Amino acid sequence: MSQYRTGAPSQPQSSKRSPGIPGGAYLLSAIILGVFILISAIIVGNGLKKLSAALTEQSFSDSYSSPDTLTVNSPTVKKYLTQSEAAAYLNVSESEISKAIADHKIDEYITTSEGYSISIESLDDYFSDEAYQIQMKLNSEG
């Protein structure tokens with residue numbers, strides 16, 4: 001006798017596993033990922049150590065002190081002028097300088113064998129006073 005089945009054809013029996021990566025592969029991929037993360041951390045850590053060492057070598061703040069003021073090839077400012085230099089400085093004649101000294105309008109000077117040595121500050125004060133007197137005279141006239 002032959003055996004015939006009637007009805008719907010039989011379907012293959014399905015397994016209980018889901019399609020995709022087998023179970024052992026998950027564990028293996030997790031281990032590999034962990035190893036890569038560990039290697040990356042070691043590489044980054046070593047790079048930071050090298051960078052820190054390089055910055056420490058380049059740092060010279062402990063051994064270098066900067067000056068409070070810095071002048072580069074600046075000529076010494078003359079504090080006193082001769083009588084002819086003072087006249088040129090104020091754009092007046094030497095006789096006007098002599099008259100201002102005689103009238104005690106210029107008070108910081110030294111008499112030398114060459115003439116007078118006059119303080120620039122005193123010349124500036126004299127000039128300011130004279131300019132003020134001229135302005136006052138012009139204001140009173142006008």
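1. Basis of the model. This is a predicted model, in which local features need pLDDT of at least 70 and side-chain atom pairs count only at pLDDT 80 or more, whereas totals for chains, interfaces and linings use all residues. Residues are numbered from 1 along each chain as its sequence is written, and side-chain values use heavy atoms, with hydrogens and water left out.

2. Overall fold. The chain has 4 helices and 3 strands, where helices (H or I, at least four residues) and strands (E, at least two) are DSSP runs numbered from the N terminus. Along the sequence these elements follow the pattern α-β-α-α-β-β-α. Among contacts (heavy atoms within 4.5 Å) between residues at least 6 apart in sequence, 45% join residues at least 24 apart.

3. Surface and burial. The accessible surface of the chain is about 12900 Å², and 57% of that area belongs to carbon and sulfur atoms; such areas come from the Shrake-Rupley method with a 1.4 Å probe, and for residues only the protein chains shown count as cover. Of the 142 residues, 12% count as buried, a term that means under 20% relative accessible area, while exposed means over 50% and partly exposed lies in between (1.4 Å probe, protein chains only).

4. Nonpolar patch. Leu27, Leu28, Ile31, Ile32, Val35, Phe36, Ile39 and Ile43 make a nonpolar surface patch of about 780 Å². Patches are made of residues with over 30% relative accessible area and no salt bridge, with like charges joined within 9 Å and nonpolar side chains (Val, Leu, Ile, Met, Phe, Trp, Tyr) within 5 Å. One of the members, valine 35, is found in helix 1 (residues 23-58) and is partly exposed at a relative accessible area of 40%.

5. Negative patch. A surface patch of negative charge gathers Asp107, Glu108, Glu121, Asp124, Asp125 and Asp129. Aspartate 107 has its place in the loop between helix 3 (94-102) and strand 2 (109-112), and it is exposed, with a relative accessible area of 59%.

6. Salt bridges. The whole structure holds 2 salt bridges, each defined as a side-chain nitrogen of Lys or Arg within 4 Å of a carboxyl oxygen of Asp or Glu. In one of them lysine 99 meets aspartate 103 at 3.0 Å, N to O; lysine 99 counts as exposed at 53% relative accessibility, and aspartate 103 as partly exposed at 39%. Glutamate 130 also forms a salt bridge, with lysine 105, and here the closest N and O atoms are 3.5 Å apart. This pair links distant parts of the chain, since glutamate 130 is in helix 4 (residues 120-141) and lysine 105 in the loop between helix 3 and strand 2, 25 residues apart. Both partners are partly exposed, glutamate 130 with a relative accessible area of 24% and lysine 105 at 43% relative accessibility.

7. Serine 119 belongs to strand 3 (residues 115-119) and is buried, with a relative accessible area of 4%; leaving aside neighbours within four places in sequence, serine 119 is in contact with Lys79, Tyr80 and Glu108. Glutamine 83, in helix 2 (residues 83-90), counts as buried at 14% relative accessibility. Not counting residues up to four places away in sequence, glutamine 83 touches Glu94, Ile97, Ser98, Tyr116 and Ile118.

8. Backbone points to check. Most residues other than glycine have a negative phi. Asparagine 91, in the loop between helix 2 and helix 3, has a positive phi near 60° and is exposed, with a relative accessible area of 71%. Histidine 104 likewise has a positive phi of about 60° although it is not a glycine; histidine 104 lies in the loop between helix 3 and strand 2 and counts as exposed at 64% relative accessibility.

9. A loop residue. Glutamate 114 is found in the loop between strand 2 and strand 3 and counts as exposed at 77% relative accessibility. Glutamate 114 and threonine 82 are 32 residues apart in sequence, while their C-alpha atoms are 8.2 Å apart in space.

Note on methods. Lys and Arg count as positive and Asp and Glu as negative; His and the chain ends are not counted. The place of a charge is taken as NZ of Lys, CZ of Arg, CG of Asp or CD of Glu.
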